[in-house]
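Please look through the model before reading on.

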Amino acid sequence: VKSVEASIPEPQREAWKKHQVEGFTDKDGFEKEVVRHVETTLARSLFNCDEGAAYSATSLAFRDRLITEWNRTQQRQTTADTKRVYYLSLEFLMGRALDNAMLNVGLKDVARGGIDDLGFRIEDIIEQEHDAALGNGGLGRLAACFLDSLASLNYPAWGYGLRYRYGIFKQEIINGYQVEVPDYWLDFNPWEFPRHDVTVDIQFYGNVRKSQDENGKTVAHWEGGEIVTAVAYDMPIPGYATPSTNNLRLWSSKASSGEFDFQKFNNGDYESSVADQQRAETISAVLYPNDNLDRGKELRLKQQYFWVAASLYDIVRRFKKSKRAWREFPDQVAIQLNDTHPTLAVVELQRILVDIEGLEWDEAWNIVTSTFGYTNHTVLPEALEKWPVGLMQHLLPRHLQIIYDINLFFLQTVEKKFPNDREMLTSVSIIEESQPKMVRMAYLAIVGSHKVNGVAELHSDLIQTTIFKDFVKIFGADKFTNVTNGITPRRWLHQANPRLSELIASKTGGHEFLKDLTQLNKLELSIDDDAFRKEWAEIKYANKVRLTKYIKKTLDVTVNPAALFDVQVKRIHEYKRQQLNIFGVIHRYLALKAMSPEERKKQLPRVSIFGGKAAPGYWMAKQIIHLINNVGAVVNKDPDIGDLLKVIYLEDYNVSKAEMIVPASDLSEHISTAGTEASGTSNMKFVLNGGLIIGTCDGANIEITREIGQENIFLFGTLSEDVEDLRHAHTYGSHTVDSDLNKVFDTIQSGTFGEPNDFGAMVAAVRDHGDFYLVSDDFQSYIDTQKMVDTEYRNQDEWVRKCIRSVARMGFFSSDRCINEYAEGIWNVEPLVVK
Ligand code: TH1
């Protein structure tokens, strides 16, 4: 393998070296770069440079700096010829890049000074950036946190995804209803590098012809159909306090040059040749806005194959340059499947090895299964991907054949292990014998990988004992493992809450905790330090004031920053139970209304803050949003209530808003029906920022409780092992709803929050249709637990102590720990330090 340097002939090397870009290191150098970019790259006069232009120029200056280290990292990885990790994810919820880049390269203070000299405030410049919102929620944000950790820990790793022209829609709330507006984010994106020379032609449709080679072996040829071209766009991913800068490669679709039909064009059919062009571009046009839901759309399957095929072509091309034998592929390449969305990669690699490279099936299959790992993120049946066999046959005829062969050989091994067990065979078959027949993607992912992991302990136990239990019998328990999710402390503490990060640094011996989060435990030594606790509380208050101002500005509602801020921000979903929260709020409102003015004066003021998007086609989720807004409209202007209760719906919740909201929370809600939330990761962010949790025994809440101590968390509700029995009882026994919840329902149906029939279906889901999410079972313990919260919040000194103790014990939840577990237990890769 030649390094780039070696490819330049000796006599010219001097000139190249002399002019190598190093990037600025001080304020003067930074200012020079900004001014140069304003004048040349942006072609603007210095005298009409607004905040937008200043943002652009600042980003370009930092981008230039990143490129140098990025090139160096890539060269180092290529020459070292070590194993790389490829993280395949249909979603990367990156948020903003500038602040992160400044902090990771350690030049934010330099930039602050420079920006100030040039007449701007750095906070205003940061605010100019449009979020890169190529994801729905936790799954996409997890991928983004993983990229940060991979780079920070110096792992040679690439992310592969799709470059959607439209990210997750922008949410507007109009008359209390969610309205979706397209998110066109690419107008100016300084963080991406188009690689017009890195393209891959991707085939769809067509048919399969079989022939015999000279040895009489049958060879499959996938012919005809249509071709779409994938173009690479690269984004540098800087590590924190290390020169390592990894790559996120996103594919964009365009018509292949052959596709622009010159025949049609010459025949004067210009319009239809342009239409072909646009059809090709549609593939990477839009992110599907469903979280935890599979809708089985043909275009989604096209997206998946397009992205997977381009990525594998790229990975294989890189491997082939090393001139190694194929059996060494798994020593050079680890590919992680982020949920089942990239599962076709298993089939595509088998196809490349067998059909194109001519390997024997078994040898190829060994390589494939040693290469892949599969992470499951949900047990919800509506989220488990299945594709109709007919659709697969039409779109990817050769892949369907390979899937049938994979299934055949797999079922043969099952048959050997469990002779005459027909039930077992039908239950684990990759092909579901339904009408129509379906390909079960999770089963394919399990069969095609050497490790399968869940994302929190309870979740990993559940997949091994429920949805995948037969596979544990077949493959053994060792194939299944847990890697509890984590979050990057760089973005979710240092960047989102700079004052808290400084305070922690002052008590733990500098910012080392950002590289080793377990060092937070030193904070416990300072817990009796009055000045420390005072400063801690002041920071929380300042963060709440900031959110208060934002609420005033955007919603024109005045809230009291001294009130308890109770926050639930996440995708809207029945299983996440925002309806339980709002029913609780209505209950609180009714209780306040029933009090005498004297009694009211003794109550603790509370602000209930909601935020999150509903999938556009998820009617019930949209009803929930509507109810919350309608309750807010009544409560917030009720003179009896005043500051005692405010209900806020924050529009368009996204990563950059989370960075403002999370540090301002006193209490956050993670109240899913037990057994439904695989992990949750915002729970970790809230605790890390000095907020407490009210939550169910679900997902990572359980491990958070174990780490921070049960006296520091407000747990309530049904346990996962009791869920099935309760559901059964609701449907087959008599299901009654307690009187407090019935009063809430009666109030809703009396038309207090709109028309009497507005929320009939939401009420009926609990009262009459089996209450699948156990809202009625958990309501009373939820209300009682919220009462305990009120009581405990009054004792501010003890509350602050609980917050500090919790933060001190959160070290486990760094995504660095999580990535190290993947590296050791699944990928078998080592860090590679640059320079
Ligand atoms: C989420 C899970 O719901 C959440 O509990 C978990 O913390 C997160 O993944 C990260 O592990 C999921 N998001 C999606 C999105 C789609 C399909 C399945 C899931 S599971 C589109």
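A residue is called buried when its relative accessible area is under 20%, exposed when it is over 50%, and partly exposed in between, with a 1.4 Å probe and protein chains only. The model is a predicted one, in which local features need pLDDT of at least 70 and side-chain atom pairs count only at pLDDT 80 or more, while totals for chains, interfaces and linings use all residues. Residues are numbered from 1 along each chain as its sequence is written, and side-chain values use heavy atoms, with hydrogens and water left out.

**Ligand site**

Around the ligand there are 17 residues, of which N292, H377, N485, E677 and G680 come nearest; a residue counts here if one of its heavy atoms lies within 4 Å of the molecule.

| Residue | Distance to a ligand oxygen atom |
|---|---|
| H377 side chain | 2.6 Å |
| E677 side chain | 2.7 Å |
| N485 side chain | 2.9 Å |

Of the 480 Å² of accessible area that the ligand has on its own, the protein covers 97%, areas being computed by the Shrake-Rupley method with a 1.4 Å probe. The space that the ligand takes is the largest cavity, where a cavity is a set of points, on a 1 Å grid over the protein atoms alone, at which a 1.4 Å probe fits but cannot get out.

H377 also has a protein partner, since its side chain makes a polar contact of 2.6 Å with the side chain of N338; within protein, such a pair needs one atom able to donate a hydrogen and another able to accept it. N338 is found in strand 12, residues 333-338, and counts as buried because its relative accessibility is 0%.

Helix 15 comprises the 21 residues 397-417 and reaches 31 Å from its first C-alpha to its last, close to the 30 Å expected at 1.5 Å a residue. Among its buried residues are L400, I403, I406, F410 and V414.

R324 lies in the loop between helix 10 (298-321) and helix 11 (329-332), and it counts as partly exposed because its relative accessibility is 27%. F812 lies in the loop between helix 33 (796-808) and helix 34 (815-827), and F812 is likewise partly exposed, with a relative accessible area of 26%.

How values were computed:
Helices (H or I, at least four residues) and strands (E, at least two) are DSSP runs, numbered from the N terminus. The expected span of a helix is 1.5 Å times one less than its number of residues. A polar contact is a pair of N or O atoms within 3.5 Å; within protein, one must be able to donate a hydrogen and the other to accept it, and residues adjacent in sequence count only if both atoms are side-chain atoms. On a 1 Å grid over the protein atoms alone, a cavity is a set of points where a 1.4 Å probe fits but cannot get out, and a pocket is an open set with protein on both sides within 12 Å along at least five of seven lines; lining residues have an atom within 4 Å of a point. A molecule sits in a cavity or pocket if more than half of its atoms lie within 2 Å of its grid points.
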